[in-house]
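Thanks for coming. I will go through one structure today, starting with its core and then taking the helices in turn.

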Amino acid sequence: MGLLTRLLTLPVAPMRAVVWAAQRVAEKAEDEYYDPTPVWRELADLERRLLSGEIDQDTFDRQEDELIDRLTEIAEFRQQFS
């Protein structure tokens, strides 16, 4: 980058920093949203709650279906980038 280019783009430098930070936050949020580990943890906890009698079979089935749908969504997202 030449000196003239730097001088001309200097007024937008703070905006570039804000955009860069927003992109990093969005990437981090996406990484967390598409991380299967918490979903697997929830599935294990759901099974524990069923076995201990905290929830009935219908509640377990409904919530398990939701979590499996979530895992499917995560797998499809990750497959796009592999």
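A term first: a nonpolar core here is a set of buried Ala, Val, Leu, Ile, Met, Phe, Trp, Tyr and Cys residues joined through side-chain atoms within 4.5 Å. Buried, in turn, means under 20% relative accessible area. Please keep in mind that what you see is a predicted model.

So, which residues make up the largest nonpolar core? There are ten of them: Tyr34, Val39, Leu43, Leu46, Ile55, Phe60, Leu67, Leu71, Ile74 and Phe77. Two helices, α3 (37–51) and α4 (57–80), each supply at least two residues of this core. The largest share comes from α4, with five residues. As background, nonpolar side chains tend to be buried together in soluble globular proteins.

Now α3. At 1.5 Å a residue, its 15 residues should span 21 Å, and the end C-alpha atoms are 21 Å apart, which agrees. The buried residues in α3 include Val39, Leu43 and Leu46. Where do the buried residues of α3 fall, seen down the helix axis? They fall within an arc of 60°, so they line one face of the helix. The general rule is that an α-helix has 3.6 residues a turn, so residues three or four places apart point the same way. On the face of α3 turned away from the buried side, you find the exposed residues Trp40, Arg41 and Leu51. The cover over the buried residues of α3 includes α4. Just after α3 comes glycine 53, with a positive phi of about 85°.

Next, α4. This helix has 24 residues and reaches 35 Å from its first C-alpha to its last, close to the 34 Å expected at 1.5 Å a residue. Buried in α4 are Thr59, Phe60, Leu67, Arg70, Leu71, Ile74 and Phe77. What do they pack against? The buried residues of α4 pack against α2 (13–33) and α3.

How do α3 and α4 sit relative to each other? They pack at an angle of about 170°, and their axes are 10 Å apart. An angle over 145 degrees counts as roughly antiparallel, so α3 is roughly antiparallel to α4. On the α3 side of the contact are Val39, Trp40, Glu42, Leu43, Leu46, Glu47, Arg49 and Leu50. Those residues meet Gln57, Phe60, Gln63, Glu64, Leu67, Arg70, Leu71 and Ile74 in α4.

Arginine 70, in helix α4, is buried, with a relative accessible area of 16%. Which residues does arginine 70 touch, not counting residues up to four places away in sequence? The list is Tyr33, Tyr34 and Val39. Phenylalanine 77 is in contact with Glu30 and Tyr34, leaving aside its neighbours within four places in sequence. Alanine 75, also found in helix α4, is partly exposed, with a relative accessible area of 44%. The C-alpha atoms of alanine 75 and aspartate 35 are separated by 9.6 Å, though the two residues are 40 residues apart along the chain.

Last, the start of the chain. Glycine 2 is in the segment before α1 (3–9) and counts as partly exposed, at 36% relative accessibility. Between glycine 2 and glycine 53 there are 70 Å in space, C-alpha to C-alpha, and the pair is 51 residues apart in sequence. Proline 14 lies in helix α2 and counts as exposed, at 53% relative accessibility.

To recap: the largest nonpolar core has ten residues, five of them from α4, and α3 is roughly antiparallel to α4.

Technical notes. Residues numbered from 1 in each chain as written. Predicted model: local features only at pLDDT ≥ 70, side-chain atom pairs only at ≥ 80, totals over all residues. Heavy atoms only, no water. Buried < 20%, exposed > 50% of the residue type's maximum accessible area, 1.4 Å probe, protein only. Helix = DSSP H or I, 4+ residues; strand = E, 2+ residues; numbered from the N terminus. Contact = heavy atoms within 4.5 Å. Expected span 1.5 Å × (residues − 1). Arc of directions from axis to C-beta. Axes fitted to C-alpha atoms, helices over the stretch in contact; angles between N-to-C directions. Parallel < 35°, antiparallel > 145°, perpendicular 65-115°, else oblique.
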